[in-house]
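Please read it alongside the sequence and coordinates.

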Amino acid sequence: MSRTTRIERYRNIGIMAHIDAGKTTLTERILFFTGRIHTVGEVHDGATEMDWMEQEKKRGITITSAATTASWKPMRGPFAGHPHRINILDTPGHVDFTIEVERSLRVLDGAVAVFDASQGVEPQSETVWHQANRHGVPRIAFLNKMDKVGADFAMCVHSIRQRLDAHPVPVQLPIGAGPEFTGLIDLPRMRAFLFDGERGEPAEGQEIPAHLRAEAEALRLRLIEACAEVDGTVLQKYVEERLADITAEELERALRTGTLQRQLVPVLCGAAFKNKGVRMLLDGIINYLPAPSDLPAARGETPGTREPVTRAASDEEPLCALVFKLMHDKAVGSIVFLRVYSGTLRTGMAVLNTRQERRERVGRLMFMHANKREEVDEVHAGDICAALNLRGVRTGDTLCAPEAPVVLESLRFPEPVVQLAIEARSRAEQQKMEDGLTRLAAEDPSLRVEVDPETGQQLLSGMGELHLEIVVDRLRTEYGVEASVGQPRVAYRETPRQKVRQEYRHVRQTGGPGQFAHVVLEVAPAPRGSGLVFVDETHGGVIPKEFIPAIEKGVAGAMDRGVLAGYPMVDVEVHLVDGSTHVRDSTPQAFTMAGSLAFQEAARSAGVQLLEPMMDVEVTTPEEFLGDVLGDLSARRGRVRGMEGHGAVRNVSALVPMASLFGYVNSLRGRTQGRATASLRLATYEPVPDALQVSVLAARK
């Protein structure tokens, strides 16, 4: 089966924005106008096609990115009249689900950034915009909700310019705002399009209303100036002051060039809920965003040699595809989402997973429409699809032709910042919970599942409280597990305060063979991160060499159990300096016991200092909140180690006790209107202040 749509007519796009900006509503209208669906569902009714999970319907938010495909024939512009295939990923707006945006942007060619016209750039708008910058994704902006009270087109454009350090270029001017929003002015053509009918179709272009003529001409001049920066033809006519000779086609060609080079961001507007401006946005997606063939070839490495290799977006190239998402379906099992960068993938075809260095055989192939499936026999370069029967595949794996191996750059997974303890309410549910968590963690690389070796608690780590709340809810609804959750305790450590010398004789007589072991230890604090440093300094064979490992084993066991409050001891230097044996009663077991008890007595004599985990906290915040962020870190016993500035954003690095960081991420978001982000990772352990140690030990009892 040959390709049905030329790759030049593909558009792989994402819809991204802050929560409640109208992404999913816009996606529903796009599907409606393209004929993909015939009735429109609303987010507030829990009836949309793209938000299909029970948790999404109940909460009215997007939790997981949903894929779909539509077809559109532009009405205006350089591609007018030619049908195009649009592969769409609708991404979440909540920061807790940023992994869904991250992996979507990794495989997309372009994006539509949606803004609430009454709010401008909001916190998560900044986050996803910077993610798109990192992945080099060209964007257009859509100012949604122009029919909302308080909608302000000029404010939004200024907000994009100032807060995102972008170059927004309006290609439309709204006619009215709020309840008076009745149409759009097409600036390249200088024609007005008034909305007509329930579906919001614009009527044929007509004269611009007199009261908007001057504003439209001023904006068109700015459009020409922006296009002149990226297009020689427009520049020449601009320099020669032949502005009237600049055609709409020349401006749209220049806008496309500037967008693909990521120098310009075309700005369109509308009201998706009222069906206004959506068809013109579809034209903009085709006219301004890239086809796979417009972008540089995918870059990778040859396994083993790590030599650079490229794969152009062509069916003639060897197969190369990236796994960007997994989903478990009760009916068919694991569904693997792929972006095909080159070549053709067919059912039954053998492919190489270069991460595992093993071959896989592709089962069924399909295009996804949210949680619905359309089976196909083959997919081509530029396609975003799903496959079954790929076992052992993980997010970020590269699948390629066995005869032409390549490894693409994998995905970046954010470090979890919130952790809680979780346990099944009964033994019968324990295995079900473990199986469910394993599958959920495979789907979501930002979710970590581990067992605390000290407390035995099962720990769940994620991107925020909502993220973990959703996971617990999915355990209940999808796997039938009613789990109990709670906050884990801080994992303190113990260490000796000073150097001591301790002698210990272990003597036991029980009527039969006795036990005898005599050791002399010197115990002292060691540098951070040393663990246990054990040194044998005995001479003359006072303790036979075969007993030395037993003594070290006894010391290590005592350290694991702790001395003061049951926390493991770390960073200890132990010197075995003397001892003696009995010809019959000395055994390895006796010396293990002697080593353990000698160490415990030495540690008590030395005094035990609690150590607390110190987290390396990186905060990215707008400069206006810097004072609040620094003050809060100081109140949490944090020490600022450095600051860097990038435009209006400040990056703060601090060392903060883990005990002070429970709830920090949510507190930071509230303190900064949600505009600051933080990453946390373990840096080191440091002594707990004596006054605080007393309260920690009291709480431990």
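The notes below take the cavities in turn and then the sheet. The model is predicted.

**Largest cavity**
- The lining of the largest cavity is made up of 13 residues.
- Nearest the centre of this cavity lie Gln172, Asp186, Glu252, Met280 and Tyr288.
- Helix H9 (residues 278-288) provides the largest share of the lining, with five residues.
- By residue class, the lining holds five nonpolar, three polar and five charged residues.

**Second largest cavity**
- The volume of the second largest cavity is about 70 Å³.
- Its lining includes Ala67, Thr68, Thr69, Asn87, Ile88 and Leu89, and also Phe337, Phe367, Met368, Ile384 and Cys385.
- At least two lining residues each come from strand E2 (66-72), strand E3 (84-90), strand E19 (365-369) and strand E22 (384-387).
- Eight residues of this lining are nonpolar and three are polar, with no charged residue.

**Three-stranded sheet**
- Three strands form an open sheet in the order E13-E12-E24, and their pairing is antiparallel.
- Strand E13 (308-311) and strand E24 (407-408) are at the edges with a single partner strand each, so one side of each has no neighbour in the sheet.
- Strand E12 (residues 298-301) and E24 run antiparallel and are joined by two bridges.
- Across this pair, glycine 300 of the sheet stands opposite leucine 408 in E24.

Technical notes: Residues numbered from 1 in each chain as written. Predicted model: local features only at pLDDT ≥ 70, side-chain atom pairs only at ≥ 80, totals over all residues. Heavy atoms only, no water. 1 Å grid on protein atoms, 1.4 Å probe; cavity = no way out; pocket = protein on both sides within 12 Å on 5 of 7 lines; lining within 4 Å. Helix = DSSP H or I, 4+ residues; strand = E, 2+ residues; numbered from the N terminus. Nonpolar A, V, L, I, M, F, W, Y, C, P; charged D, E, K, R; others polar. Points joined across faces, edges and corners; volume = space filled by probe spheres on them. Pairing = 2+ DSSP bridges.
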